[in-house]
Amino acid sequence: MENGAAQPVIVAIDGPSGTGKSSTSKAVAAQLGLSYLDTGAQYRAITWWMVSNGIDIDDPTAIAAVAGKPEIVSGTDPADPTITVDGTDVAGPIRTPEVTSKVSAVSAVPEVRARITELQRSLAASAERGIVVEGRDIGTTVLPDADLKIFLTASAEARAARRSGELKGADVQSTREALIKRDAADSSRKTSPLAKADDAVEVDTTELTLAQVIECVVTLVGEKRAVK
Ligand SMILES: Nc1ncnc2c1ncn2[C@@H]1O[C@H](COP(=O)(O)OP(=O)(O)OP(=O)(O)O)[C@@H](O)[C@H]1O
Ligand SMILES: Nc1ccn([C@@H]2O[C@H](COP(=O)(O)O)[C@@H](O)[C@H]2O)c(=O)n1
């Protein structure tokens, strides 16, 4: 590229809940000057809208009929990622236990996925320096031509301990069961389930610190850029 500027790079980071996707993606993007997209926040935002508007979460037809209504906007600065629905900041409300318990049902509806996938591709295409996009189906469906695909894993015990540390005082056993239940729903849906892309690099983070995972991904991006 002219002036020696680095080529834009697209990094897809997928994996089950609590494996460190958000923390890793944000830090890698910040370190490398890339944009950052939390696709889980988008599915949470549309779920929040469905709940707020009294849509029956157990009725996929009702969800599909209104999937195009809310305007979801994601800010992609890793230092200040934002999410709004129809102009309202929903960064807090999308993290409630109610939204967490309902998001898998809403995100399984094909019309919801089509809508959100379109938003994700458009944000990735407009990221001038490149972007780190994290979720469940980024490497398999949203950005199958990503320059680098990572699939993060960790034992259910490690993930539950991390999450209950975050949700101060939460019981590790019930947190573990909730994680496993959400992963099972996300992995078994028909439309773009949680899955590792064939060409993704799997990183088991169970015994790694967050700093080690970040360093590992930064190194992998550097290696990809060197051969681009
Ligand atoms: N390697 C690690 N070692 C210890 N703690 C970690 C590690 N990676 C992430 N964490 C912590 O685990 C928690 C969950 O991480 P994070 O939110 O990044 O996971 P996630 O995969 O994005 O989860 P979800 O899919 O549910 O949004 C956070 O509190 C984070 O600080
Ligand atoms: N690419 C994605 C990302 C997320 N989901 C769904 O959203 C839920 C919440 O994700 P978090 O990362 O914020 O925990 C997740 O459980 C999935 O149901 C998705 O389907 N595809």
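In which hand, left or right, does α1 pass α9?

## Helix α1 against helix α9

In this predicted model, α1 passes α9 in a right-handed crossing. Helix α1 covers residues 21-32 and helix α9 residues 210-227; their axes come within 9 Å and cross at roughly 50°. That angle makes α1 oblique to α9.

On the α1 side, the contact is made by S23, T24, A27, V28, Q31 and L32, and on the α9 side by L210, V213, I214, V217, V218 and V221. Sorted by class, this contact of α1 with α9 has nine nonpolar residues, three polar ones and no charged ones.

## The sheet

The model has an open sheet of five strands, paired in parallel, in the order β2-β6-β1-β7-β8. The edges are held by β2 (35-38) and β8 (201-204), each with a single partner strand, so one side of each has no neighbour in the sheet. On average, neighbouring strands are turned by 20° against each other, direction ignored.

At one place in the sheet, strand β7 (residues 148-153) is joined to β8 by four bridges, and the two run parallel. L152 has V203 in β8 as its bridge partner.

## Around ligand 1

There are 17 residues around ligand 1, of which G20, K21, S22, S23 and R162 come nearest. The elements giving two or more residues to this shell are α1, α7 (156-166) and α9. By class, the shell around ligand 1 has three nonpolar, ten polar and four charged residues.

Conventions
Residues are numbered from 1 along each chain as its sequence is written. Chains are lettered from A and ligands numbered from 1 in the order in which they are written. This is a predicted model: local features need pLDDT of at least 70, side-chain atom pairs count only at pLDDT 80 or more; totals for chains, interfaces and linings use all residues. Axes are lines fitted to C-alpha atoms, for helices over the stretch in contact, and angles run from 0 to 180 degrees between N-to-C directions. Angles under 35 degrees count as roughly parallel, over 145 as roughly antiparallel, 65 to 115 as roughly perpendicular and the rest as oblique. A crossing is left-handed if the near helix is turned anticlockwise from the far one by less than a right angle, and right-handed if clockwise. Two residues are in contact if their C-beta atoms, placed from the backbone, lie within 7 Å. Ala, Val, Leu, Ile, Met, Phe, Trp, Tyr, Cys and Pro count as nonpolar, Asp, Glu, Lys and Arg as charged, and the others, Gly among them, as polar. A residue is near a molecule or strand if its C-beta atom, placed from the backbone, lies within 6 Å of it. Two strands pair if DSSP finds at least two bridges between them.
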